[in-house]
Amino acid sequence: MEIVFLIEQILNGLLIGAYYLLIALGLSLIFSLGGIVNLAHGAFYAIGAYLTVALAPTIGFGGAFVAAPVLVALLGLVIERFLLRRFYRADPILSLLLTFGLAMVAEQTLRMVFGAPPLPFSIPLALRGQVFIGDFIYSRYRLMILGVAALCVLGLWLLLQRTHFGRVVRAGVQNPDMVGALGISLRPYMSAVVMIAVGLAALAGVMLAPVIGVHPAMGAEILTFAFVVVVIGGLGSFWGVVVAALIVGVVRGIAAYAYPPATEASVYLLMLLVLLLRPRGLFGERIAKFE
Amino acid sequence: MTELPRITRRGALLGAATLLAAPAISYAQSDVIRIGHLTPRTGFLGPLGEFAVQAGQLAMDEINAAGGILGRKLEITFEDSVNPQTASAKAERYIQRDKVSCIVGEINSASALAIGQVVQREKALFINTGANSDALRGSDCRKFMFHIEGQNSMYVKAVGRVLVQQGLIKGKKVYALTADYAFGHDLLRVAKRFMGENGGTVANEDLIPTDLTDFSPFLLKIRQARPDVIIANLAGAQITNFLKQYSEFGLRFPVAGFGFDTALAWGAGQGNFLGTWPTMWHHRLDNPAAKKFTADFRQRFGRPPENQAWGDYNAIKIVAQAMTETKGTDGPRIVEYLESGAKFGVLKARESYFRARDHQIMTEMYAITALPPAEQKDRYDIFTATATVPGPEESLEAIGATPEENSCTFPA
């Protein structure tokens, strides 16, 4: 029974990993191409969740599922165009300060507009319920989250590997000067990458709004984990981030099972261990411009 | 890239001097009574801090509209206490620099302890409006610290009595989920004592990190353990997340809590709130003063007040009454007055008073039970009052910790 239960915890951990995945992927993309450590990434996730709560009464959860990520992506476009763009080649401390400031402005704005207490929001009736597989129990809604996350990962991978757009982005990560020398401006690509990245964060916000308290600090809550995932996975590595997200989820599950007070700390311990053994992360690539 | 504007050293010096000089001018006014309000406004307790601040504003405006305190205007400054270190530093600054007459607020038990140490040193009054640890009224009690928030023992005894009546304690197996910090540890200790005295056993106990948002691993553990009842000793955003996810997993074990704040249940969403919980006050109480407070608060802030708002609103009113009665703002004299058993109408059927030996308010508490989802009419009226504890014929001390359970010797 204990082993079966441990397996259940591990499978559940994979589901939790899917939460972090959508946020970590965007974080990794923006850093790889723009060299910006986006501390405001959690804010886009929070805005996605708040938009869902605000929009769902009029256009339904399905409508918000589409509208919130699109609106947040447009917000991302504006922020990229007027703010982030100025800092791609600047001292990284400046973009850190900028995005840290943006995160605080966003959190406080949410607090002023919607109030500090959590906003009520529930899983839509049609998506409620549990799935029993043998002795295991799964929330039907969480399986849906896993499905959507898997589709996003697949879509993003195809976009980066199989399209002209993806080839330019990947080249831009490794050697932006050469891309420039070939007569390709990376600017529109960077705008698109930021839109995709923050849109994914917002999508995570939409999907988690029904199961996690919608409150102003929710962005800061999830961001640390997303960073840990990126660091463990290795910067610039697509599959590294995916694998790391799943490992983090599983480690968390095992810690909750074995020693609850360390549920969150276990993830940081894992990061420490990975950094000691593989300073570049599990699948980290050497990116010349960051060395 | 454009260059950043340069700040010269001389400019910085001048700026700093101006900033430091400005407050000194306003503090020279003596026709104002100052209170420093200090409570978490960000982080996992931030959702409650907002109610505390709004209630403080409401109380201040009511007092000033009625002519202030002793003919002087009341001025409350509001600050985010963040964590114990910051709380301690800000409390010190309030007293030494801003010359406040007293400090009101706090929710985090660890921060309240830090503020308690500062006020003890500075001999200034502190009214704790939201920290529950018994230790604050016992081993860590302070002559200048009073508690309008109930202590953990009161919460446990108030709701525990109802749970015993519902047959959820005697001979039952309990799964306890406890917030992993000062408040939770203290509450778990009190809860286990109560269980032992009433024939229940805590079969499983998990300490939950305060920043944990996903309860699914614990829900799986609960499902495997098959407890008779789940007791949530959680705090802040944890309660909202737990309620949402418990309902998501469709578990059917009865749920009760020994620590609770209504705002966190309001935030859980339609059909997610369940179980029986204790509270110091709730907006559905049927007495004229409570109804007026609820109506005024609702009109001004667009939502009903909850237990945290009750604490800070009444703390300010109590301070005002104490200053009026002692005809001044002298800390030791106010302490003497509060210890004298003076009665305060705190929006309840019965008047309350502070117990001299540990400075804990003796007051009615309430057990509330979630309404079935179909009967939850709007997002606020989601529970029904099950019991008032102690009952009308009982002493208010019936739910307080006994001297044997929690004894306080004020340090000199």
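**Figure 1. Strand 13 of chain B and its two antiparallel partners in the predicted model.** In this predicted model, B:Tyr366 has B:Thr388 in strand 14 of chain B as its bridge partner. Strand 14 spans residues 383-389 and is joined to strand 13 of chain B by six bridges in the antiparallel sense. Strand 13 also pairs with strand 10 of chain B, residues 276-279, through four bridges, and these two strands likewise run antiparallel. In that pairing, B:Ala367 of strand 13 stands opposite B:Pro278. Strand 13, which comprises residues 365-370, is mostly covered, with five of its six residues buried.

**Figure 2. The cis peptide bond at B:Pro390.** B:Pro390 is located in the segment after strand 14 of chain B. The peptide bond that leads from B:Val389 into B:Pro390 is cis, and its omega angle is near -5°.

**Figure 3. The open parallel sheet of chain B.** Five strands of chain B form an open sheet in the order 2-1-3-4-5, with parallel pairing.

**Figure 4. Two residues of chain B with positive phi.** Which loop holds B:Glu106? B:Glu106 lies between strand 3 (102-105) and helix 4 (109-122) of chain B. The phi angle of B:Glu106 is near 80°, a positive value in a residue other than glycine. B:Glu106 has 34 C-beta neighbours inside 10 Å and therefore counts as buried. A second residue with positive phi is B:Arg226, which is not glycine and has a phi angle near 45°. B:Arg226 is found in the loop that links helix 7 to strand 8 (229-233) of chain B. Is B:Arg226 buried or exposed? B:Arg226 is exposed, because 10 other C-beta atoms lie within 10 Å.

**Figure 5. The side of chain B that touches chain A.** In the contact between the chains, 42 residues of chain B meet 33 residues of chain A. On the chain B side, the elements that give two or more residues are helix 2 (46-65), strand 7 (201-208), helix 7 (216-225), helix 8 (237-248) and helix 9 (262-266). Helix 7 of chain B supplies the largest share of this side, namely seven residues. By class, the residues on the chain B side comprise 15 nonpolar, 16 polar and eleven charged.

**Figure 6. Packing of helix 1 against helix 4 in chain A.** Two packed helices are described by the angle between their axes and the distance between the axes. In chain A, the axes of helix 1 (residues 2-34) and helix 4 (residues 140-162) come within 9 Å and cross at roughly 35°. The crossing of helix 1 and helix 4 of chain A is left-handed. From helix 1 of chain A, the residues in contact are A:Leu15, A:Ala18, A:Leu21, A:Leu22 and A:Leu25. These meet A:Arg142, A:Ile145, A:Leu146, A:Ala149, A:Cys152, A:Val153 and A:Leu156 in helix 4 of chain A. The contact between the two helices has eleven nonpolar residues, no polar residues and one charged residue.

**Figure 7. Chain B as a whole.** Chain B contains twelve helices and 14 strands. Its radius of gyration is 22 Å, close to the 22 Å that the globule rule gives for 412 residues, so chain B is as compact as a globular protein of that length. Along the principal axes, the C-alpha atoms of chain B fill a box of roughly 70 × 65 × 45 Å. Of the 412 residues in chain B, 54% are buried. Among the contacts of chain B between residues at least 6 apart in sequence, 70% join residues at least 24 apart.

How values were computed. Residues numbered from 1 in each chain as written. Chains lettered and ligands numbered in written order. Predicted model: local features only at pLDDT ≥ 70, side-chain atom pairs only at ≥ 80, totals over all residues. Axes fitted to C-alpha atoms, helices over the stretch in contact; angles between N-to-C directions. Left-handed = near helix turned anticlockwise from the far one by under 90°. Contact = placed C-beta atoms within 7 Å. Nonpolar A, V, L, I, M, F, W, Y, C, P; charged D, E, K, R; others polar. Rg over C-alpha atoms; globule rule 2.2 N^0.38 Å. Buried ≥ 20, exposed ≤ 12 C-beta atoms within 10 Å, placed from the backbone. Pairing = 2+ DSSP bridges.
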